[in-house]
Amino acid sequence: MPTETVYGLAANAEDELAVRRVFAIKGRPATHPLIVHVASAEAMASWVRAVPEEAQRLAAAFWPGPLTLVLPRSARATDAVTGGQDTVALRVPQHPLARAVLEALGGGVAAPSANRFGRVSPTTAEHVRADLGEDVDLVLDGGPCAVGVESTIVDLSQGAPAVLRPGGLAVEAVERVLGRAVPVRTSSTVRVSGSLASHYAPRAGVILCEPAQAAARVEALRAQGQRVGVLGPEGLGLPAGVPLYEVPEEPAGAARVLYTRLREADAHGHDVLVACLPRAEGLGLAVRDRLARAAAPRPPEP
Ligand code: TXA
Ligand code: MG
């Protein structure tokens, strides 16, 4: 199912067999909770024990949209969906096809990103087919995702709000609406699989750098005989013949194309990708977070 952030692997959140199949297809540990997508902010009430005032404010400001709220769950959110946690993650997506599915179902759709565990999230129907192939019954093609990175997750279950994953909604926008600073806590004890160090990983090794250092890094790596590709904006002054997978300097533009460019680069069989970091503001936070995870040391292939 397309959403404005990334494509989701969708199951009726109240159909335990369907939810189990999502975990099986993704190859995701059963203790990692899923996001429940609902049609409207009003629909949130039946999935949680209480709707705190700050949740209402964020929902009114940003739903439908790339924001996920973590709240104390009601009995409607089963252990299968929440991984046995006492909280549930909820989101009202904006994509018209996702909204149509949710309105037709009248319930909640549990949907993690439609990629195999630990791989780059899909932002087109083609990406989903390439990753999941015959394992899924149907791919709804809603075109390329407008936002391009996963939703921003805000935990409101612990008193003071915290960001568990920077994403498609700027943290600054969340802070403006709440009227207070909201810390980013990506290494919490909560099981957020996107918070594992080596997530969103392409096959090539990834080296992070500031745009101004890219040309020198590339020269040095090529001198060692490495097949190098570069992820970053134009105008880096790269040596001739080095493939550039263009990711705009402007953070929202970078977010939109990031996963597609990572896939394109991957298809070219580079040894190393030199990835330029966007500014640490707005959606730049999400892009930097995903690039850092792509660059993190990987567990050995199974
Ligand atoms: O944009 C998105 O959020 C996409 C689209 C499909 O909506 N979905 C997505 O799902 O990114 P997934 O499963 O790849 O990431 C959801 C994250 C996971 O890291 C999960 O651990 C976290 O949300 N999560 C789910 N329930 C949670 C909870 N109760 N407490 C803390 N984190 C939770
Ligand atoms: Mg994911």
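A: First, some ground rules. This is a predicted model, where local features need pLDDT of at least 70 and side-chain atom pairs count only at pLDDT 80 or more, while totals for chains, interfaces and linings use all residues. Residues are numbered from 1 along each chain as its sequence is written, chains are lettered from A and ligands numbered from 1 in the order in which they are written, and side-chain values use heavy atoms, with hydrogens and water left out.

Start with the whole sheet. Strands and helices are DSSP runs numbered from the N terminus: E, at least two residues, for a strand, and H or I, at least four, for a helix. Two strands count as paired if DSSP finds at least two bridges between them. Strands of a sheet pair through backbone hydrogen bonds, either parallel or antiparallel.

Now move inward. β2 (residues 35-37) runs parallel to β4 (residues 87-91), and three bridges join them. V36 faces L90 of β4 there.

Next comes β6, residues 152-155. The pairing with β3 (residues 67-72) is parallel and has four bridges. In that pairing, D155 of β6 is the bridge partner of V70. The pairing with β7 is antiparallel, over three bridges. Here I153 stands opposite R165. β6 and β7 also form a hairpin, with six residues between them. G159 lies in the turn and has a positive phi of about 90°.

Look at the side chains of β6 too. In a regular strand the side chains alternate between the two faces of the sheet. T152 and V154 are on one side of β6, and I153 and D155 are on the other. All four are buried (under 20% relative accessible area, with a 1.4 Å probe and protein chains only). Both faces of β6 are therefore covered.

A pocket is found on a 1 Å grid over the protein atoms alone: it is an open set of points where a 1.4 Å probe fits, with protein on both sides within 12 Å along at least five of seven lines. Lining residues have an atom within 4 Å of a point. The largest pocket has a volume of about 470 Å³, counted as the space filled by probe spheres set on the points, which are joined across faces, edges and corners.

Its lining holds 22 residues. L9, A10, A11, D137 and L138 lie nearest the centre. The largest share, four residues, belongs to α1. By type, the lining has 18 nonpolar residues, two polar and two charged. Nonpolar means Ala, Val, Leu, Ile, Met, Phe, Trp, Tyr, Cys and Pro; charged means Asp, Glu, Lys and Arg; the others, Gly among them, are polar.

Conventions:
Buried < 20%, exposed > 50% of the residue type's maximum accessible area, 1.4 Å probe, protein only.
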